[in-house]
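Reader: I would like to learn how to read individual features of a model, one at a time. Please give the general idea and then the case at hand.

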Amino acid sequence: MREEKIIIANWKMKLGLKETLDLAKEVKAKFKDFKGGEIAVCPNFISLLEAKKILGSAIKVGAQNVFWEGNGAYTGEISPSLLAEAGCEYVIIGHSERRKFLMVNYEMIHRTIKAVLKVDNLIPIVCIGENWDERKTDRRDFVLFDQLQQALGGVDIGPDQQIIIAYEPIWAIGSGTAIEPSEAEYAHKIVRLTLNDMFGMSVVNKNFKIIYGGSINSKNVKKFVGLENLDGMLVGGASLDADEFYKLAKAII
Ligand code: PEP
């Protein structure tokens, strides 16, 4: 699974319906002849169905969140199977903004991953990453280890199932400055070694991707090219401009 890089756009709650669909059209046009990697965009829930119609099958669609139950009295929530029905092939789980503003924790993330893996062709993008205080006090390695254990401990991964781990240092998200590539590579190595311990190296090589997110743009992405343990990018701000997003994707593929 590792050979092909993936670039995922997280449009967050930054666009209205019309703006989302206009951007989807621009992205579709821009990436018309794009080859060599997977592109996915994650619009808001309201825009998912229409965005999917515009983007077709070459550019994948993902959701920004999902609930851990399949059906029932859960007002306001969306199930994994409903996302699949809407054409989503990816879903972001436990983004740091949800951990911060909605008190999402890794026990909830664990339940959600298990629910998503029950649905065919829906790939979880699991967000992990330390905050500035943890980074400053040298606790990053333990934080990553602990988040992975809580999120994925005891999870069964089928032979054809895929999981994307998005390492997103919270202090870099939306800051305008990405972390040093060497620091990202180091963190990704910690992630890979932890996953190797949990699932075995062959499963990790085949079923996992480890991607970076945090203030990546078409310029600073160039310094990340060729990192051994980097399988792609999760992009916020820079994905809101089709041209910028295209340049970024071209640079890393
Ligand atoms: C994100 O929120 O997932 C993200 C990567 O945002 P940005 O690129 O804007 O830092």
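Author: Start with a polar contact, a pair of N or O atoms within 3.5 Å; within protein, one must be able to donate a hydrogen and the other to accept it, and residues adjacent in sequence count only if both atoms are side-chain atoms. Here the side chain of R99 comes to 3.3 Å from the backbone oxygen of G129. This is a predicted model, in which local features need pLDDT of at least 70 and side-chain atom pairs count only at pLDDT 80 or more, while totals for chains, interfaces and linings use all residues. Residues are numbered from 1 along each chain as its sequence is written, and side-chain values use heavy atoms, with hydrogens and water left out.

Reader: Where is R99 found, and what is it in contact with beyond its neighbours within four places in sequence?

Author: Helices (H or I, at least four residues) and strands (E, at least two) are DSSP runs, numbered from the N terminus. R99 is found in helix α4, residues 96-101. Contact means heavy atoms within 4.5 Å. With neighbours within four places in sequence left aside, the contacts of R99 include Y106, I109, C127, Q147 and I170.

Reader: Which salt bridge does E97 form?

Author: E97 pairs with K12, at 2.7 Å from N to O. The two are 85 residues apart and link distant parts of the chain: E97 is in helix α4, K12 in the loop between β1 (5-10) and α1 (17-30). K12 is buried because its relative accessible area is 17%, whereas E97, at 27%, is partly exposed.

Reader: How many residues surround the ligand, and which are closest?

Author: A residue counts as near a molecule if one of its heavy atoms lies within 4 Å of it. By that rule 14 residues surround the ligand, the closest being K12, H95, E168, G174 and S215. A polar side-chain atom of K12 is 2.5 Å from a ligand oxygen. Polar backbone atoms also reach oxygen atoms of the ligand, that of G236 at 2.9 Å and that of G237 at 2.8 Å. Taken alone the ligand exposes 300 Å², of which the protein buries 95%; such areas come from the Shrake-Rupley method with a 1.4 Å probe, and for residues only the protein chains shown count as cover.

Reader: How many salt bridges does the structure hold, and which residues are linked in a network?

Author: The structure holds 13 salt bridges. R135, R140, D141 and E183 are linked in a network. R140 counts as buried at 14% relative accessibility, and D141 as partly exposed at 28%.

Notes
Salt bridge = Lys/Arg side-chain N within 4 Å of Asp/Glu carboxyl O. Buried < 20%, exposed > 50% of the residue type's maximum accessible area, 1.4 Å probe, protein only.
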